[in-house]
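Here is a short report on one protein chain.

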Amino acid sequence: MKNEPRLRIKTAEGELSGLMDDDIYVFKGIPYAAPPTGALRWRPPQPVTPWQTARDATAWGAASWQNREYCIGIGGGDPGTFSEDCLYLNIWTPDPEPGAPLPVMVWLHGGGFTLGAGSLDPYQGKALAAQGVVVVTLNYRLGHLGFFSHPALDAQYKAGATVNNFALLDQIAALQWIQRNIPAFGGNRRNITLFGESSGARSVLSLCCSPLAEGLFHKGIVQSSYSLPDLTQPQARQKGIEVAAHFGLPENATAEQLRALPGDAFWSLAQPLAPGPVAISGDAVLPKPMLDTFIAGRQHRVPLMIGSNSDEASVLNYFGVDARGVLLQMREKNRFTYRLLKWLYDIHDDALLGRAVARDMAFTVMPLLVAQSQSGTGMPVWRYWFDYVSENARDLYPHGAWHGNEIPYVFNALETLPPPDNRPYTAADKTLAAEVSAYWVAFARDATEFSYRLRGRNETEWPVWRTGEDVTLAFGEQGRAVTTLKKRFMRRRLRLFRLMMRSHVQL
């Protein structure tokens, strides 16, 4: 029985008082680690101090410092209050006392590791939870607060134990909190799915390669991960020295001097001082570059779902990438490759061809690379392609689904989100959202290392990706709200990009 007393739930750290959203229990702003402030800045997250009386869990926790205007414009909405004290998570559950423990879905938000929060409107977990899962979203340290190297900070660690990826450690701390406490919310600690988009997707892949995350989650969904290489530790350390110099600190600045800098001083730094949208390889959290680990087949043995959208190039301007310029550079370096691309794509306008090539080099090749790696290790992987645009907004998205456009469909949130440019969502839009969301829930509920197909709400059975068959599930087909299976999807061009990516895809 869902009643008022069950709005109070006891966790290992103390009691929480939540709220109801229709039939869904919601708990907001739960601290999963101590505030990473003062002497704890640029240190691994520390345990929360337990509380003695019921803690109010009806308001969002603060987000990490960031550019509010950018987040509203391209990051999913207003992230609310900013603070270094930002390590909070939120939970939606349909029943804290189910007959059997429920699958758990843990969302890692995107935003280039510089924007976002788990509280943004597109990430509300109510509609997902209503399908029989426990949904968790979380905040983590962003920008230089989340990824940083400097000789004075690195010297505090023993050889081989240096930490630079504080944001990834935050995510690991949240997973540890979930392992301790999610049964109190009706969740199954043995069936946890990590899912994320953009830098959240990169986080999923990075945690698949981190020795510190092994065993904390059991499967992953990777939405629109980009193929930029991780920053090396020497590169990150040099950038840290340059950031310190920007604030007037000498090269031999102490850790105390660095930690005395204001917490809000970093988010506004522009290139070349701004952090890259990638993690740092070479520390204890991510000892080897993520891409290298997957290519070598040494990632954790967990089932994965991975895919991208049909107009990912929509976000490349944010990364400072001129798609047409990339193509023209390629033409100058190798005219044979340029002619080959024109033949493969059958696109003869350089601006449009550059957009498609940049999309595939930066985003579409990743699902193929990961699928091949997973298949080689004997782990199942499902590959998707999202190519649906809301019926009333197609003039706004003439090249296809933008980076991030799939998120409201994954969360089945069209009923609660304002439509683009106030163009109402149609019945077909909502039908596809229900279908996409059902596949994500089916993966979280049913996928195991022995699975070979998934089924959503319709009759389309989605088989695992295998090298010979190379089947991809497409959401949307020539504007129709349908799901279709495509064999050998973009196979020739993606094989070419897999060979080219190391020389052409650079930060």
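**Overall shape**

This is a predicted model. The secondary structure comes to 15 helices and 18 strands. The radius of gyration is 22 Å, close to the 23 Å that the globule rule gives for 507 residues, so the protein is as compact as a globular protein of that length. The C-alpha trace spans about 65 × 60 × 45 Å along its principal axes. Of the 507 residues, 60% count as buried. The protein exposes about 20200 Å², and carbon and sulfur atoms supply 50% of that area. Among contacts between residues at least 6 apart in sequence, 76% join residues at least 24 apart.

**Charges and salt bridges**

There are 50 positive and 48 negative side chains. The centres of the two sets lie 7 Å apart. Side chains of opposite charge can pair when their charged atoms come close. The count comes to 21 salt bridges. The table lists some of them.

| Acidic residue | Basic residue | N to O distance |
| Glu13 | Arg180 | 3.0 Å |
| Asp470 | Arg383 | 3.2 Å |
| Glu461 | Arg455 | 2.7 Å |

Take the salt bridge of Glu13 with Arg180. Glu13 lies in the loop between strands S1 and S2 and Arg180 in helix H5, so the pair ties together parts that are 167 residues apart in sequence. Glu13 is buried, at 8% relative accessible area. Arg180 is partly exposed, at 41%.

Asp470 and Arg383 also meet in a salt bridge. This pair links distant parts of the chain, 87 residues apart: Asp470 sits in the loop between strands S16 and S17, Arg383 in strand S14. Asp470 is buried at 1% relative accessibility, and Arg383 is buried at 2%.

The bridge between Glu461 and Arg455 comes next. Glu461 is partly exposed, at 28%. Arg455 is partly exposed too, at 43%. Elsewhere, salt bridges that share partners join Asp21, Asp22 and Lys126 into one network.

**Lys28**

Lys28 is found in strand S4, residues 24–31. Which side chain of opposite charge is nearest to Lys28? It is Asp21, 7.2 Å away. Lys28 is buried yet has no salt bridge. Beyond four places in sequence, Lys28 touches residues including Trp60, Leu89 and Asn90.

**Gly76**

Gly76 is found in the loop between helix H1 and strand S6. Gly76 counts as partly exposed, at 33% relative accessibility. Gly76 and Leu120 are 44 residues apart in sequence and 6.3 Å apart in space, C-alpha to C-alpha. Gly76 is in contact with Leu120, Asp121 and Pro122, among others.

Note on methods
Residues numbered from 1 in each chain as written. Predicted model: local features only at pLDDT ≥ 70, side-chain atom pairs only at ≥ 80, totals over all residues. Heavy atoms only, no water. Helix = DSSP H or I, 4+ residues; strand = E, 2+ residues; numbered from the N terminus. Buried < 20%, exposed > 50% of the residue type's maximum accessible area, 1.4 Å probe, protein only. Lys, Arg positive; Asp, Glu negative; His and termini not counted. Salt bridge = Lys/Arg side-chain N within 4 Å of Asp/Glu carboxyl O. Contact = heavy atoms within 4.5 Å. Rg over C-alpha atoms; globule rule 2.2 N^0.38 Å. Areas by Shrake-Rupley, 256 points an atom, 1.4 Å probe, with all protein chains shown as cover. Charge placed at Lys NZ, Arg CZ, Asp CG, Glu CD.
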